[in-house]
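Thanks for making the time this morning. I would like to walk you through a few local features of one model, so please have the sequence and the coordinates open as I speak.

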2 protein chains.
Amino acid sequence: MSEVLERIWQFQQISRVELVEHTGLTSGTITNLTHELIGLKIIREFEAVSGNVGRRRVMLGLDSSLYRIIGLDIGRATLEVVVVDLNGKIIKSIERDMSERRGPDEYFDVIGPLLTETKREIENAGYTVLGLGTSVPGPMDYSTGELLNPPNFPGWSGFPLQRTLEERFGMVTLIEDDARTSAMAERWYGLGRNVQDLVFITMGIGIGGGVVSGGKIVRGTNGLCGQVGHMTIVIDGKICDCGNRGCWETVGSIPGILGRWSGGGSMEQLREAIRQGDAEALRCLEDTLGYLETALINVYNLYDPELVVLGGRLYPYLADYLLPVRNHLRSRLYAFAKDRLRIEPSTFGTSQSAVGAAALLFGFLLSEPVRLLALAEGG
Amino acid sequence: MSEVLERIWQFQQISRVELVEHTGLTSGTITNLTHELIGLKIIREFEAVSGNVGRRRVMLGLDSSLYRIIGLDIGRATLEVVVVDLNGKIIKSIERDMSERRGPDEYFDVIGPLLTETKREIENAGYTVLGLGTSVPGPMDYSTGELLNPPNFPGWSGFPLQRTLEERFGMVTLIEDDARTSAMAERWYGLGRNVQDLVFITMGIGIGGGVVSGGKIVRGTNGLCGQVGHMTIVIDGKICDCGNRGCWETVGSIPGILGRWSGGGSMEQLREAIRQGDAEALRCLEDTLGYLETALINVYNLYDPELVVLGGRLYPYLADYLLPVRNHLRSRLYAFAKDRLRIEPSTFGTSQSAVGAAALLFGFLLSEPVRLLALAEGG
């Protein structure tokens, strides 16, 4: 059933005959499985007019009429809740400034009413909530569902986030760090539909990475796979919060960039100084792009992804200057690989992590539809 | 069948009752599957005396009495052929110096008689050859079975290795680069039996990496996943053969190390100078270890493996100096990950790539036993 569902997701519209071709299953099996999926309201039939002969054909696609997924992004300065349908369409998005709040208690003062209200609203309108995906700004212990010393996020270390969310809101809950949820937003709802191997790089106060390999998220042994912000870029450079020296994050994140510039305290000020041709600002920009270029070379030589997606609050400040970076990258990569260099901006902008949090549940639905529906109805 | 076989490999000796427990299959299914595997002579029964009560129990393990796998390592300076049984035991190993030979024709003058003779010998002794695994010193185009510009290996670019080997020797043939075969040697026959995520780093004339994630080899989009030798270590450093600047390989490989030392032309000479306390030699060693440390930090922060295995011709020259590297690594890693740092030397020394080449076929046997046997008998 999972294989059939994944094909329907991948092709967006597909006929039963094409499903038989692509899965190798018999047409009897396809008839039964699609019948069951239609009954569950996970997929539905469409009528499409075939281009060649004008004949009407029955196509299958995801059904967005019954299920909703809630995505929660717990950030260092903001909190976002999104509601999406099965196609990843954002039905609703609510953002809150959290810069004055510290620790789980003060966060849950906001999260509590927001999630309770959002869930009630969805249910009152007759929809079924499949679950709650949650994005967090740092590493997790997946065995306990607790946060592990997230840098610059005081009060959260050891907080039993998984249990708290499940008990308080009674929804199936999946949690990943924000770089991984961002990667999953692309994988399931964005640029990743036909890409098996991608790396999402989120650049902001910190720099994180989410690695998707063979279509699946890769966590590593300690949940640290993809910590691209902590690759060493400046040998014997500054000590980083992680314990290492000269991490990309120490020179390439927003604080890292502003720390190398004496002209002001914000990216807006830096952008303005660059526009006015200020020599120090231009030098700072050039170094920043050089670090990015080296980091991307390493990402290519270590992961060899089909697609690199760049996002985060820093991205808009760098977007205009990426052409020379791409050209340098091509000249620094293995000759036979350089034509396949593909770097794209993120699909969902500032809502990337929240949409990706919801995408975690969508991935669960694709792989185990019956089990997720049973869990969702039990909740 | 694959699941049962993989458990038998993993546990080395396991009873049918334990197989039921570990697989969740019924005892009837286990009885049938193991009966079939015994009939195929892939596994066999042992009698083991149970510790507690002295009762004899029937255990299952891999059967090494019928099948043999040939591993071929095509290296830049040497060629090795090994014959292994299903337990990865080396039955025979032949090595040839190839430093005077160039290109496929001159190599096949040696490979031809060696493989023909090895295959004939195995078959004359009544064994069945499952196939030929082959290790090559550079990237491949997996869709065509051709080599792709292997650095320092003139004459091989575009050579149709897969087709040539298959047509000439009539065996099922699998090919990977030497870092990946080395990783597979650990995965199937060495330290990887209970490890899902490992990185093998081979250091010699070049530096390569083989990444195993979730028990499976990772190739990446262009077959370049794991090119750890080409991560940038010295920003704006020397141009490397790959096109990048300041790659680890340019400073950390054997030529990279000797290029930073004016005292002689071999690692033996450098080792001797270090023993005698020569200041420049000590400085060169210290820098080499510093580069290794930074490279390993990056490997941990990007892949987060459970195990890193170090091998290659350079390894013995560094082995005595790794304790401080480990200690520095611990202090530079995320606090919650540092206790899980595990770095080991390779299991098969100079035969690592050849044994790993054979291990490729073993992996195929575990996942599709019936199909491989059918192919092997057709050949």
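**A buried aspartate, and what lies around it**

A:Asp304 counts as buried, at 1% relative accessibility, where buried means under 20% relative accessible area, exposed means over 50% and partly exposed is in between, with a 1.4 Å probe and protein chains only. Before I go further, this is a predicted model, in which local features need pLDDT of at least 70 and side-chain atom pairs count only at pLDDT 80 or more, while totals for chains, interfaces and linings use all residues. Residues are numbered from 1 along each chain as its sequence is written, chains are lettered from A and ligands numbered from 1 in the order in which they are written, and side-chain values use heavy atoms, with hydrogens and water left out.

A:Asp304 is found in the loop between helix 10 and strand 13 (307-311) of chain A, helices being DSSP runs of H or I with at least four residues and strands runs of E with at least two, numbered from the N terminus. Most residues other than glycine have a negative phi, yet A:Asp304, which is not a glycine, has a positive phi of about 50°.

In chain B, the phi of B:Asp236 is also positive, near 60°; B:Asp236 lies in the loop between strand 13 (216-217) and helix 7 (248-252) of chain B, and is exposed, with a relative accessible area of 66%.

Which residues does B:Leu224 contact, leaving aside its neighbours within four places in sequence? They are A:Asn301, A:Asp304, A:Tyr334, A:Phe336, A:Ala337, B:Pro139, B:Arg180 and B:Arg219, contact meaning heavy atoms within 4.5 Å. B:Leu224 is found in the loop between strand 13 and helix 7 of chain B and is buried, with a relative accessible area of 2%.

B:Asn301, in helix 10 (residues 279-303) of chain B, is buried as well, at 1% relative accessible area. With its neighbours within four places set aside, B:Asn301 has contacts that include A:Leu224, A:His230 and B:Tyr334, and a polar atom of the B:Asn301 side chain lies 2.9 Å from the backbone oxygen of A:His230.

Finally, back in chain A, the axes of helix 10 (residues 279-303) and helix 12 (residues 322-332) come within 10 Å and cross at roughly 40°. Among the residues making this contact are A:Leu289 and A:Ile297 of helix 10 and A:Val325 and A:Leu329 of helix 12.

Notes. Axes fitted to C-alpha atoms, helices over the stretch in contact; angles between N-to-C directions. Polar contact = N/O pair within 3.5 Å; in protein donor to acceptor, adjacent residues only side chain to side chain.
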